[in-house]
Amino acid sequence: MSEERLRSLFVQSLAGDEQAYRQFLSELTALLRAFLRRRLARLPDQVEDLVQEILIAVHNQRQTYAPEQPLTPWVYAIARYKIIDLLRRRSRSDLLHDPIDDDAELFTTADAEVAEARFDVAKLLRALPDRQRLPIWYVKIEGATVADTAVRTGMSVSAVKIGIHRGLKALAATIRNTA
Amino acid sequence: MLAAGVEPVDPRQMARRFRLALATGTLIAVAFTAGILRLNPALARYLSEPMFWIREAYCAALSGIALLGMHRLARPGRRLGLVPAALALVVIAMWVLAVVALAPASPQLRTRLVLGATAAVCPFLIALIAAPLFVAHLWIMRGLAPTRLPLAGAAAGFAAGSMGALVYSLHCPELAAPFIGIWYLSGILIPTMLGAWLGPWLLRW
């Protein structure tokens, strides 16, 4: 049912339609969140991180989507890959974990962590070099255009785009390694 | 936030990546074969031999099918479909030709058909020539989104191996079907296994 709608939004996004892409991402976020809550019922704290990670993966890998293909299996395969990746990492790191951690986790809930997520973005961004951090901050968080950002940072337009692209990749890698 | 300032995606991006990597890898493989191993001086004479063309078709078919497999494995949610069956069909066809060649032959001739003069070096030279192609194929995969990493690595290795075999055939003096069915395939399987092993390390994203 949502396949047709999401797919047409995504195809428009691939053609560079920002409005459609925003709509697509927000609908996809809701679907992923619901899907992961069911799938990861035992790991509620991981859901938000994983949703973000999958969204970034969808964004970074969007050139691998062929418009003649149905969208659902493509998104599902990415989500599945990221879930398995998470579980594999956890099963490895759980061996090192002391079970005493569980007590502390009693007092944190997934909902509280959503609020913290914004802090986390700022914290994560701080680790990036200026040439990546500033373009991401201006364009992706403040919503400035690429051209404006180029003027404000004194960088060239293509340097801004490259900074965003590499910065998002670096962020995805950081999230993956710390989650 | 990902939506802000989004750029149109060029649908030919993936094809460009394939072309660039294949051209570079093939060029290095051919240069190595022609420059260091030397082309087979009898190559011109082979052109009238049916087995020469069967050998080339064998390597070319395996390369084409493996590349198609890579292309599918590089995209999330795509199925391999008939790719494994098609590969098996080509391999088995060569084995059938091998049996046809071996059946009427005398024991001494059989040994010659299987071992030729170069069986000891053939698989390793194919793997060596495939090396630049192997790197190129893994680079293609790294830029895309394979979700089954060992399989994606194996497909990259198999495609590199069969393209390496195709290039090696410009040097190789062997035309017997049993030889090709055994030693060419062994050479192709070296990068295949290496790829399956390296895939989970190198292709994560």
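## Chain B: overall architecture

Read along the sequence, chain B follows the pattern α-α-α-α-α-α-α-α. The chain holds eight helices and zero strands; helices (H or I, at least four residues) and strands (E, at least two) are DSSP runs, numbered from the N terminus. The structure is a predicted model, in which local features need pLDDT of at least 70, side-chain atom pairs count only at pLDDT 80 or more, and totals for chains, interfaces and linings use all residues. Residues are numbered from 1 along each chain as its sequence is written, while chains are lettered from A and ligands numbered from 1 in the order in which they are written.

Taken along the principal axes, the C-alpha atoms of chain B fill a box of roughly 75 × 35 × 30 Å. Of the 205 residues in chain B, 42% are buried (a residue is buried if 20 or more other C-beta atoms, placed from the backbone, lie within 10 Å of its own, exposed if 12 or fewer, and partly exposed in between). Among the contacts in chain B with a separation of 6 or more, 86% join residues 24 or more positions apart; two residues are in contact if their C-beta atoms, placed from the backbone, lie within 7 Å.

## A helix pair in chain B

Two packed helices are described by the angle between their axes and the distance between the axes. In chain B, helix 1 (residues 13–37) and helix 6 (residues 122–142) pack at an angle of about 170°, with their axes 8 Å apart. Axes are lines fitted to C-alpha atoms, for helices over the stretch in contact, and angles run from 0 to 180 degrees between N-to-C directions. Helix 1 of chain B is therefore roughly antiparallel to helix 6 of chain B (angles under 35 degrees count as roughly parallel, over 145 as roughly antiparallel, 65 to 115 as roughly perpendicular and the rest as oblique).

The residues of this contact divide into 12 nonpolar, five polar and one charged. Here Ala, Val, Leu, Ile, Met, Phe, Trp, Tyr, Cys and Pro count as nonpolar, Asp, Glu, Lys and Arg as charged, and the others, Gly among them, as polar. Helix 1 of chain B contributes residues including B:Phe18, B:Leu22 and B:Phe32, and helix 6 of chain B contributes residues including B:Leu133 and B:Trp139.

## Chain A: architecture and confidence

Chain A contains nine helices and zero strands. Buried residues make up 26% of its 179 residues, and residues 24 or more positions apart account for 59% of its contacts with a separation of 6 or more.

The mean pLDDT of chain A is 79, and 83% of its residues reach 70 or more; pLDDT is the predictor's confidence in each residue, from 0 to 100. Over residues 98–108 of chain A the pLDDT is below 50, and this stretch has two contacts in the model beyond near neighbours in sequence. Where pLDDT is low, the predicted coordinates should not be read in detail.

## A helix pair in chain A

Helix 1 (residues 2–14) and helix 2 (residues 18–39) of chain A pack at an angle of about 140°, with their axes 8 Å apart. These two helices of chain A are therefore oblique to each other. Their contact includes A:Leu6 and A:Phe10 of helix 1 of chain A, and A:Phe24 and A:Leu28 of helix 2 of chain A. By class, its residues divide into eight nonpolar, four polar and one charged.

## Where the chains meet

The contact between the chains takes 29 residues from chain A and 18 residues from chain B. Helix 4 of chain A gives the most to the side of chain A that touches chain B, with seven residues. The residues of that side divide into 15 nonpolar, eight polar and six charged.
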